[in-house]
Amino acid sequence: MTDKTAPLTDSSEGMRYLERVPRKIVTVYVPLGIIILVLLFPFYWMTITAIKPKEHLLDLNTHNPFITWSPTLDHIYDLLFKTDYPVWLWNTMLVSVVATVLALLASVFAAYAIVRIRYRGAQWVGGLIFLAYLVPPSILFIPLSTVIFNYGLFDTPFALILTYPTILIPFSTWLLMGYFKTIPFELEECALIDGASRWQILWKIVLPLAVPGLISAGIFCLTLCWNEYIYALTFINATEHKTVPVAIVTALTDGDQYRWGSLMAGALFGSLPLVILYSFFVEHYVSAMTGAVKE
Amino acid sequence: MPEAVLREPAAPLKPPTLLSRLMVNRDWLGFWFMLPAAAFLVLFLAYPLALGIAYSFTDAKIGQDIGSANFIGIENYQWLIGEFDCKWEWAAFWSRLFGGDFGALGALCKIVGDDQFHLAVFNTLFYTIVASVLKFAIGLYLAVLLNNHLPFRAVIRAIVLVPFIVPTVLSAIAFWWIFDPQFSIVSWSAKQMGLATENINFLGEPWNARWSAIFANVWRGVPFIAITLLAGLQTVPPSLYEASTIDGASRWQMFRYITYPLLTPIIAVVMTFSVLFTFTDFQLIKVLTNGGPAGSTELMATLSFNRAILGGQRIGEGAAISTAMIPFLLACILISWFGLQRRKWQQGEAND
């Protein structure tokens, strides 16, 4: 009834005037709330486990497991000072950052060459790079382990620094190609007429304009490196060279005795740097994710 | 005299040097610009890929060069795939079938080969298909929900994506604790609510473990699919919905005849990625169940790791398992490629 009297003049509102709050609660808010609850519960559970006293962890009946009134920092203390956790975190950061920088440099050149220099066969190379994105690490790690061994890189950070770019380059090249295509050709033509070399054009015109794309690619690459497991598990042996995901599982489970508090604290601290970084660059991250898919 | 000054010949242009000619040559420049990326991809991607296929025809042990390994042809594959061992007797077949034994076929004709490998192939396919279908259904539903006009939509979208940001291994550890046989919070809650009388053995029973692993995979994959599909949904012009509303379309019809067809290309790409990464999943299974109990969650990727790196250290056999994944991946890529072809046809460009 009220539908007919609703103002139709506001075009920006679209068809939203048709929606009624009670209906929306049932069809949108409740399912959305349930899904978000399920998506976030593991993080809540991580946090609460990391700050619960040990005896509460294994006794669900005398204390309400969902909340704790006597938070403790014991697990976090154990993690930071009784294990090599800071070293592992440092390794993870070092490997991720260096691999990301290397991958970005290589992809900037490759993407620029494919999109703008357009050498013979550039289209084919673009297609091959996309195919390379579809080659998963889990079919490469066995032969790659012998390659790494023969190059003498086994058990050094370089084993990871040099192999991670293979996961990152196809993705970021593809993403940057999309960004470079949006930069007007005329800018480059002007610069060429003024006598700029390709190198100068890339550094002084194209790159400054592609900064959002670089940030997107960088953030996404960083999370990919941080997440990587199978190479780190296969190529690194010494505890002091391990990355967080590999080290945390082996180090904090002594036999059957799992140190759940410290494990959860470790998982939390391992994710926190990424989540903080992500929170600053949500839009860039999303555009990297969707950009790579849309292309 | 002005004329004389004018007639004085200008200094001739220097002929372009080889270097300066090279500096504007597209192919030459392209070569140098491509070099860093190509070096990485050839040394650490294309070469290992070929090497892996080569290793799969040898009986190499770990640390053995391809040159010193014995070439054994397709023996690895024969061993893995096995052969049919059929004792086909119609009488026995019918008597079993009518006796209510529906395993009749399996009992008479079985594949004699590597049972662990067969189980891993089954697990991988089951895991991939079920997880991908669930991820797609829930992801699309979540995307449609998020496409509504919501307060704080940007914040909600950022929160939804968090499971995808957090490294898989770290969230797998959280699930490991959530699925603990004794102190699982889910078991405890189920008991409190009267849904269960004793602890649920999430990771100790084969089918429980499979569903738990699928749940964890879906939990991590849904945000990716939801957010990418949301980006696709936002490109659908609202005028189409307005027009269909005037025509009296129901919500389901709007979804079926407007949203879904316009979303098909992006669905094809997203699902290809999702299926590829689920099929080759390693980390979640490695941390959550390590293939157990008794190989019931072993995937092809984890099995190849166990064969090649741990245990037997038989690189050749592990490489054969990895190589056996390639046909599945290719099939997946081809299906998606034809999905993209359809998009061109729908858009009416290059209608050939």
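Predicted model: local features only at pLDDT ≥ 70, side-chain atom pairs only at ≥ 80, totals over all residues.
Reader: How many residues of α11(A) are buried?

Author: A residue counts as buried if 20 or more other C-beta atoms lie within 10 Å of its own. By that test α11(A) is mostly covered. Among its buried residues are A:Gly213, A:Phe220 and A:Trp226.

Reader: Which helix of chain A gives the most to the side that touches chain B?

Author: The two chains meet through 77 residues of chain A and 74 residues of chain B. On the chain A side, one helix gives the most, with 11 residues. That helix spans residues 21-51 and is α2.

Reader: How many residues on that side of chain A are nonpolar?

Author: The side of chain A that touches chain B includes five charged residues. Another 16 are polar. The nonpolar residues number 56.

Reader: What distance separates the centres of the two domains of chain B?

Author: Chain B has 17 helices and two strands. Its domain assignment gives domain 1 (18-55) and domain 2 (114-347). Taken over C-alpha atoms, their centres are separated by 35 Å.

Reader: What share of the residues in chain B is buried?

Author: Chain B has 352 residues. Buried residues make up part of that total, namely 36%.

Note on methods:
Residues numbered from 1 in each chain as written. Chains lettered and ligands numbered in written order. Domains from an automatic or database assignment. Contact = placed C-beta atoms within 7 Å. Helix = DSSP H or I, 4+ residues; strand = E, 2+ residues; numbered from the N terminus. Nonpolar A, V, L, I, M, F, W, Y, C, P; charged D, E, K, R; others polar. Buried ≥ 20, exposed ≤ 12 C-beta atoms within 10 Å, placed from the backbone.
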